[in-house]
Each structure stands twice: as structure tokens, then as C-alpha cells.
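The sequence and the model come before the description.

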Amino acid sequence: MKTCTRLSIQQIAVLMLTLALSACATSGMSVHDSFEPTAETFERDRQAILSQAGEYSVDFQFKETLAVRPGYKLTDPYLSKAEEIVELIEDSGKRIDLQHILLVTRGEKQRVVKHWRQTWIYEPEVIYEFKGKRTWKPRHLSSAESRGKWAQIVYQVDDSPRYTGVGRWHHDGNLSSWESRSWRPLPRREYTKRSDYHVLVARNRHTLTPTGWVHEQDNYKLVLGDKENPIIAREVGFNVYDRVDNVDFSKVKKYWKATKEFWAEVREAWAKLRDGKRTVQLKHKWKGRLMFMYMFALAQEAILKPGTENHKERVEKMKAVLAGFLVDPPEAIPSHSPN
């Protein structure tokens, strides 16, 4: 990915002010919200979600803004740029599935990387919440908690779980914005580099713009089991998706055409594991490798070795990988109130 220009203090101040003002204006988190959903608001929500599909140039920007733990030194900002397709892979009314696929350019070379996926479900009955230590537990929602709201379920690049947030879309004139709060695992930009915190506690917002959409975050980094100094730092994230019509995404489309059948099998296997009853806990590695390494290798096989028999063999290998990573029964994790 290409490195972006470093964020200035003024830019960070604007980001923080924007987040603060939006938080004051947002009332969708209350269980006692008087909002009454209608067919019109439901359809406007749907169109807001669907409008995130398309071809984009993306700026990814994250900056730690405040050290909370004594002696902690803020890390350097994470700034990168890439081109990305957001592919609509399902629209069944109350469920919308969007797959992100990156086109990474370095010099004369380009490579395709399956990125994160987001599933939107209207008025969900049960969600999976991250609890730390690669553990996700199901929680059933009351009708008051889910009425008129959408769950956004976010998955890792290998379709393993990441986080779920529940919130309501707010439409005011030409403004459409959705916000939630959630616990998350460490992001991939820090997953292999840091072990000094366990949970990213996030306020997450998607807002449509005239040229695409923006994904804003206001996060703090939490250490489980530390009663005196559980929070080490705060950070802001600002990912800007601008539509493009001058990027050749043919490699991305070719990759997705060759692998989408395999990834559909992966999604189906995960759906059976996340049945709303069992707790899902995953090992960090299995046989010395991370999960995405197995899944990406199997997806590459789908390109090199197409055909029904090869597909069946890949699916069996994929299911064996999932079984190898599952911790059953799950181990206990340090407690900490999510409030």
C-alpha cells in the first residue's frame, strides 16, 4: 500500500470535534428510543447500506491521540492508501452482505487481497459479541434493543468473526449516518506487532458522502484483568472511500469470479458454527500457521485447480482447518465490564 501524508494536529482536532458533535446528536443507542420504524425508513436504510458497494480509492488513517496509562508512549500514525472493490454478494431484504477486495499496487506490481466483509441484518434477534482472547459469545436481544436497528457483522479476511455492532441509521435531509459501539480484537495493522492490550473498544460510524462514504472510529485500547490501569490509550480512525472510474479492477474481478464459490462454502461453514447457542473460541495458530494462511492458500487452489472434485476436496480441507482452530470447550477469559 502507498503511504499517505501524515495527519496534522489540526486534522486530528477536526476529527475529534466531528466525533464529539455526532455523539451528541445520536440518540439511536437508547433502548427507550421513541423512534418508530416505517416501510419508508427501512427502505432508506437499505439504500444507504447498498450504496456502499462500488469501486473506490481508500485512505486508511489511524492515530493514537491520548496516552491514558502512566508512562505509555503514543505510537506512530498508521496511514495507507489502496484501491478497493466493495462487492454486493447478497441482498435478501433484511440481510445485505458486502465483500471488500483490495487491489494493492507497489511499483509495477499489483496483487489482489480478499479484505474484510460486512453483513447487515435488520432487527437482529441474536448477535455474537467479542469478549477477548479470541472468544465470541452469543447474546439475544430484546425487541426494544433491536427495533428499527441494523446489526453490522464484520469478519476477518478469512471470514472468521471480528465484531458486531447494533445501531440505527439516521437520515436528516442529505445526511445518512449509522453508529454503534462494540468490542473488537486487535486490528490486523497491530495484531502481529503488539501484545500490550487485548480489546479495542470502539465507537463506529458509517456516513455517506457525495463521493462515497466515510468510516469513522473513536477507540480505546483495553487490557483485560488489569484493575488499576486497564486502558492504555485512545485513538481515532478515519477511512475515506471515494468512488473512482479510472482504475482497472479486472484482476480483482477475475479473482472473485474464480474464488467466490469457495468463499461461499467458507461462509456457510461459519454460519453453522455461529448457531446462536455455542461460544466460539479460536486458537491463535494451528500447526504453526494463522487461519488466513490456510484459507488464502485454498482460495488460490480454486484458481489453479478448478473442477467439481477439486472443489469438494477443498471444502473438506477448509472444514478441517476450522475444526483445528476451534477451542472446545472454550477456556475462561479475564473479566471486565464492557461499560
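This is a predicted model: local features need pLDDT of at least 70, side-chain atom pairs count only at pLDDT 80 or more; totals for chains, interfaces and linings use all residues.

The antiparallel strands β5 and β6 (residues 135-140) are joined by 6 bridges. Ile127 has Arg139 in β6 as its bridge partner.

## Glu129 and its surroundings

Glu129 is a residue of strand β5. Its side chain is joined to the side chain of Arg139 by a polar contact of 2.9 Å.

Apart from neighbours within four places in sequence, Glu129 is in contact with Thr135, Trp136, Lys137 and Arg139.

## The eleven-stranded sheet

A further open sheet is formed by 11 strands, again with antiparallel pairing. The strand order is β8-β7-β4-β3-β2-β1-β13-β12-β11-β10-β9. At its edges are β8 (161-167) and β9 (169-172), each of which pairs on one side only. On average, neighbouring strands of this sheet are turned by 25° against each other, direction ignored.

Within this order, β10 (residues 175-184) and β11 (residues 199-209) run antiparallel and are joined by 8 bridges. Trp178 stands opposite His206, which is in β11.

## Helix α2 across the strands

Which strands does helix α2 lie across? Helix α2 (residues 39-50) lies across β2 (78-91), β3 (95-106), β4 (109-122), β7 (150-155), β9, β10 and β11. The helix runs at about 100° to β9, the edge strand formed by residues 169-172.

## Packing of α5 and α6

Two packed helices are described by the angle between their axes and the distance between the axes. For helix α5 (residues 250-273) and helix α6 (residues 291-304), the angle is about 135° and the axes are 8 Å apart. Angles over 145 degrees would count as roughly antiparallel and 65 to 115 as roughly perpendicular, so α5 and α6 are oblique to each other. The crossing of α5 past α6 is right-handed.

On the α5 side, the contact is made by Tyr255, Ala258, Thr259, Phe262, Trp263, Val266 and Trp270. On the α6 side, Met291, Met295, Phe296, Leu298, Ala299, Ala302 and Ile303 take part. The residues of this contact divide into 13 nonpolar and 1 polar, with no charged residue.

Notes: Residues are numbered from 1 along each chain as its sequence is written. Side-chain values use heavy atoms; hydrogens and water are left out. Two strands pair if DSSP finds at least two bridges between them. Helices (H or I, at least four residues) and strands (E, at least two) are DSSP runs, numbered from the N terminus. Axes are lines fitted to C-alpha atoms, for helices over the stretch in contact, and angles run from 0 to 180 degrees between N-to-C directions. Contact means heavy atoms within 4.5 Å. Angles under 35 degrees count as roughly parallel, over 145 as roughly antiparallel, 65 to 115 as roughly perpendicular and the rest as oblique. A crossing is left-handed if the near helix is turned anticlockwise from the far one by less than a right angle, and right-handed if clockwise. Ala, Val, Leu, Ile, Met, Phe, Trp, Tyr, Cys and Pro count as nonpolar, Asp, Glu, Lys and Arg as charged, and the others, Gly among them, as polar. A polar contact is a pair of N or O atoms within 3.5 Å; within protein, one must be able to donate a hydrogen and the other to accept it, and residues adjacent in sequence count only if both atoms are side-chain atoms.
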